[in-house]
Amino acid sequence: MVQIDKQPGASGVREKEQSAREFYLILYPKELADEVIQSLESTGVPGYTEMPKMLGRGRHVRHFDNAVWPGATGAFFTVVTPEEARTSLIPTFEALAASLETRSHGLYGIHIYALPCEQII
């Protein structure tokens with residue numbers, strides 16, 4: 001898609017090529033990092049960033065990686081087109097989430113959030 005923007009104070013029109021992309025945030029129990037990495041790499045995403053240890057409190061549990069509140073959450077984020085997500089990323093993680101649900105009897109889960117993403121620079 002080509003977007004044409006008028007720039008304030010500029011004479012003329014600047015063309016800016018844009019392709020729709022989304023920011024996907026994948027949250028998982030840190031104990032499952034290797035399995036999540038394998039799943040993510042199998043989708044063929046062009047790249048990702050890992051945040052291996054996030055601490056905090058959710059609606060039902062606290063994870064501060066200590067003796068009182070053990071455990072932590074890991075996170076990955078990647079930016080792909082909605083089409084790439086629909087054909088590879090989401091089905092792969094839906095299968096992994098179902099497998100984890102069954103294996104852990106509901107104790108472990110994966111969450112994925114999608115946000116619109118626009119590259120500024």
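I count rings of Phe, Tyr and Trp (its six-membered ring) as a pair if their centres lie within 6.5 Å; planes under 30 degrees apart are stacked, over 60 edge-to-face, and the rest tilted. By this rule I get four aromatic pairs.

The model is predicted, so I kept local features at pLDDT of at least 70 and side-chain atom pairs at pLDDT 80 or more, while totals for chains, interfaces and linings use all residues. Residues are numbered from 1 along each chain as its sequence is written, and side-chain values use heavy atoms, with hydrogens and water left out.

**Entry: aromatic pairs**

I looked up Y48 and F76. Helices (H or I, at least four residues) and strands (E, at least two) are taken as DSSP runs, numbered from the N terminus. Y48 sits in the loop between α1 and β4 (49-54) and F76 in strand β7, so the pair ties together parts 28 residues apart in sequence.

For burial I use relative accessible area: under 20% is buried, over 50% exposed, and in between partly exposed (1.4 Å probe, protein chains only). Y48 is partly exposed at 31%, whereas F76 is buried at 0%.

I then took F64 and W69, which form an edge-to-face aromatic pair with 5.5 Å centre to centre and 65 degrees between the planes. F64 is partly exposed at 31% relative accessibility, and W69 is partly exposed with a relative accessible area of 35%.

I also noted one aromatic cluster, formed by Y28, Y48 and F76.

**Entry: nonpolar core**

A nonpolar core is here a set of buried Ala, Val, Leu, Ile, Met, Phe, Trp, Tyr and Cys residues joined through side-chain atoms within 4.5 Å. The largest one has 17 residues, of which I26, V36, L40, F76, L89, F93 and I110 touch the most other members. At least two residues of this core come from each of β3 (21-29), α1 (33-42), β7 (73-80) and α2. Helix α2 gives the most, with five residues.

**Entry: L89**

Is L89 buried or exposed? I find L89 buried, at 2% relative accessibility. L89 belongs to helix α2 (residues 82-104).

Which residues does L89 touch, not counting residues up to four places away in sequence? With contact meaning heavy atoms within 4.5 Å, I list Y24, I26, L40, T43, V45, T78 and E84. I also checked L89 against S42: the two are 47 residues apart in sequence and 8.8 Å apart in space, C-alpha to C-alpha.
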